[in-house]
Amino acid sequence: MASPEEHAVLSASSSARWLNCTPSVVFSAPYEVERKDTTFTAEGTAAHALAELKLQFDTGKITKRKFNAQLKKFKAESEYYSVSFEEFVDDYVGFVNETIAEYSDPEVELEQRVNFSDWVPEGYGTSDVVIMTDSVLHIVDLKFGKGVAVSAIENTQLMLYALGTYYEFNMAYDFDTVRMTIHQPRLYDTSTYELSVKELLDWADNFVKPRAELAMAGEGDYAPSEKVCQWCPAKAICKARADLNLQNAIKYDFADSNELEPAAISDVLSQSKVIKKWLEDVEDYALTQARDQGQSFPGWKLVAGRSNRKIANAEAAASILSKAGYAEIYKPQELITLTNLEKLVGKKKFGDLLNDIIVKPEGKPTLVVETDKRPEISSTAQAVKDFE
Ligand code: SF4
């Protein structure tokens, strides 16, 4: 389940997008799909819970007895617990303890709920670790993913959490510096970004607040870029992103020759990944719409993809072929391939013997040009309508 702050229209986790491309929130809303709790997010939640427990003990917030009981419970109940899982969590906990030790007599808060709604409507978040001294506010964030390293440098999600943390505690302190750190133990990656309180508040007042107002109203300029568009629900149907990619594809002034020079190929290659990603996004969207919603696209139709025959019951086929006198029908462990079996037995006899247990599964729906010879198949939506 997504955390409550993730339900906000302008969530901190999507702030890099809506702060840059303000119309994207309203524009992409119809394409938003409900966020499901994936294995990765659930594993991250478990890592945060174990880290919080260990840090609660290390910072004297719970007794040894309570810690041991909760650790035992966690190990017994969490489906993500393993020795290596705990080692990575310990790496983060060790890093946090070292960071705390760098300050003299700091206050530490864990899993601190913070509020930055003065700048962003429904702006809430959670700071994993907050370290406070008279002059420094330092927040540390655990990222448990092992796919892509997330940098703290100008990370708007972290800056919004820092803003909310500042808002929460500034009455009791005299902060002048804000530090933000991301520690990603499974990628052995740590990065820290620092700015003055003045810079953070300038950014919040003069950039975040007006951009949030534009975003809520669906106003402002579209600002496509791969970084900004990759998580946008409208990435497949957005004209600004299409324009950018098409312009990138044709912007090269190739030399007057029948052959692409190596430099021209380099130019094409440099764009290829981004353009391919955009094309894949459009293809995935079109296939999903055609297959699940019955949407048609002029000149295209939905057909069954290619598929191969397979023997539905290997044991029955082996028994029939053995009874018919064929011995070499097994690979060391399994039936030889259907094509080789057919070669061994002969097409006709193979058909006579096994036709009843040879099946040809329907191929994956594929969008092809209208002139393709394969017959059109109906969409899931049409099939449901027909059934009704
Ligand atoms: S795809 Fe990119 S340019 Fe288009 S609305 Fe989304 S973020 Fe903005």
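1. Helix H10 (262–293) and strand S9 (365–369) each put at least two residues into the lining of the second largest pocket (helices, H or I, have at least four residues and strands, E, at least two, as DSSP runs numbered from the N terminus). H10 is the top contributor, with six residues.

2. Bear in mind that this is a predicted model, where local features need pLDDT of at least 70, side-chain atom pairs need 80 or more, and totals for chains, interfaces and linings use all residues. Numbering runs from 1 along each chain as its sequence is written, and side-chain values use heavy atoms, without hydrogens or water.

3. What sits closest to the centre of the second largest pocket? Val282, Glu283, Ala286, Leu287 and Leu367 do, out of 13 lining residues. By class, the lining has 10 nonpolar, one polar and two charged residues (nonpolar is Ala, Val, Leu, Ile, Met, Phe, Trp, Tyr, Cys and Pro; charged is Asp, Glu, Lys and Arg; the others, Gly among them, are polar).

4. Helix H6 is largely enclosed by the rest of the structure, because 12 of its 14 residues are buried (under 20% relative accessible area; exposed is over 50%, partly exposed in between, with a 1.4 Å probe and protein chains only). Among the buried ones are Met159, Tyr161, Gly164 and Phe169.

5. Glu111, in strand S1 (residues 107–115), has a positive phi near 45 degrees although it is not a glycine. Glu111 is partly exposed, at 29% relative accessible area.

6. Tyr188, also not a glycine, has a positive phi near 50 degrees. Tyr188 lies in the loop between strand S4 (177–184) and strand S5 (189–196) and is exposed, at 68%.

Notes. 1 Å grid on protein atoms, 1.4 Å probe; cavity = no way out; pocket = protein on both sides within 12 Å on 5 of 7 lines; lining within 4 Å.
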